[in-house]
Amino acid sequence: MGQQLSNEQLVASAKEFGTPLYIYHAEKIKEQYEKLAAAFSILDTRFFYASKALTNINILRYIKSIGCNVDCSSINEVKLALHAGFIPGNILYTSNGIAFDEIEEAVAAGVHINIDSLSNLEKFGKKYGHTYPVGIRIRPNIMAGGNLKISTGHEGSKFGIPVSQLDKIEELVREHTIFIKTLHIHTGSDIKDADVFVKGMEVLFDIIPHFPELEIIDLGGGFKVPYKPGEKETDVHLLAKKIKETFEAHPLAGNKKFQLWFEPGKFLVSECGYLVTQVTVVKDTGTTIFAAVNSGLNHLIRPMMYEAYHHIENISNPGGTEKVYTVTGNICETDNFGIDRKLKEVREGDLLVLYNAGAYGFEMSSNYNSRYKPAEVLVINDKTKLIRKRDEFNDLLRNQLEVL
Ligand SMILES: *Cc1c(COP(=O)(O)O)cnc(C)c1O
């Protein structure tokens, strides 16, 4: 389980900053990073935090302060990373489905780039030839991940260049003398099984000999974290051991020492985050007792989008008797946070906390139903700092031009 904020700390923050409130715990991020770094110290490894999970500038700066690099999925994330103080050499841009001008901007910024289509690879080759070492994202045709919406490496997925199109990649590389320095795969999210990464490597080892200038094997992110009590995270020590063995089992391809890259998002920031909400209405319909809170899918969309499980607790009534509730939001769509959950008796006004709210929580939030986006606070060295103000009414009108 590791470090966790206490109920008292969560309640105190909710009192000070109001609800709904995203609370992040800096030292938990560090704990997760150090776990990874320790496990992979047996290999030459670099970690790039997949910043799309949570891009608050303070989180990016904290990630930098603990020695981690950053992975970006848009040119704006690259700009945020630069703004946070990362040097270009510590920034990776893994693109997908983007216009070539974003890649040109990334080259101008001097960051590492993984290209995800033959079309952009061709444009890249024509413009930069051998002058700018680059990575390619390969689709290994492996099914993995907790849910189809977060699986990215299978046949039918839009991500990467299918490994079956190797001949086309080679043609472009030959024609434009492209310097391929990285082979990248990212097969999905919520991957507990180390063998998925090994399978991905096996696919890469088949094609490594075709890229003599290769320096880096990038296995993406997707490590699983526990969402339910008692669940286990990816065993990163076992994973590191298996990956080392896989390298050693391929002495031909491994004549050269490759650096290993990873892009963890969830693993670093999922558990550091808490969404604290307040119960607005308790409604007993005879079949279900609904506990409605002052939040919804506009603030945390994962339960409705991926059927993600977020553990919920009533932190206002720890001594109450347990009952079964469906915790729901206040949005004009079905926006259950949790169905048939055992909670300590819930009263209107109680605070309910949703765990694992750091990754893809605030980041995917919206103003749907013209509700305000929540505030965000960071707990660091036992001090709680406001790192984003709650929206105000003017934020709903920002960028609108009142022409009528
Ligand atoms: C989303 C993403 C990641 C991070 O995935 P997690 O499941 O959060 O670890 C890493 N690499 C790429 C290319 C991604 O798109």
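Cys332 is exposed, at a relative accessible area of 66%; the exposed class lies over 50% relative accessible area, buried is under 20%, and partly exposed falls in between (1.4 Å probe, protein chains only). The structure is a predicted model, in which local features need pLDDT of at least 70 and side-chain atom pairs count only at pLDDT 80 or more, while totals for chains, interfaces and linings use all residues. Residues are numbered from 1 along each chain as its sequence is written, and side-chain values use heavy atoms, with hydrogens and water left out.

| Residue | Class | Relative accessible area |
|---|---|---|
| Cys332 | exposed | 66% |
| Cys72 | buried | 1% |
| Thr94 | buried | 8% |

Zero disulfides (pairs of cysteine sulfur atoms within 2.5 Å) are found in a search of the whole structure. Cys72 accordingly belongs to no disulfide, and its nearest cysteine sulfur, that of Cys68, is 11 Å away.

Thr94 lies in strand E4, which spans residues 91-94; helices (H or I, at least four residues) and strands (E, at least two) are DSSP runs, numbered from the N terminus. Leaving aside residues up to four places away in sequence, Thr94 touches Asp71, Cys72, Ser73, Asn114, Arg137, His184 and Glu263, where contact denotes heavy atoms within 4.5 Å. With Asn114, the Thr94 side chain makes a side-chain to side-chain polar contact at 3.2 Å. A polar contact is a pair of N or O atoms within 3.5 Å; within protein, one must be able to donate a hydrogen and the other to accept it, and residues adjacent in sequence count only if both atoms are side-chain atoms.

Helix H3 covers residues 57-65, and its buried residues include Ile57, Ile59, Leu60, Tyr62 and Ile63. Gly67 follows H3 and has a positive phi, near 95°.
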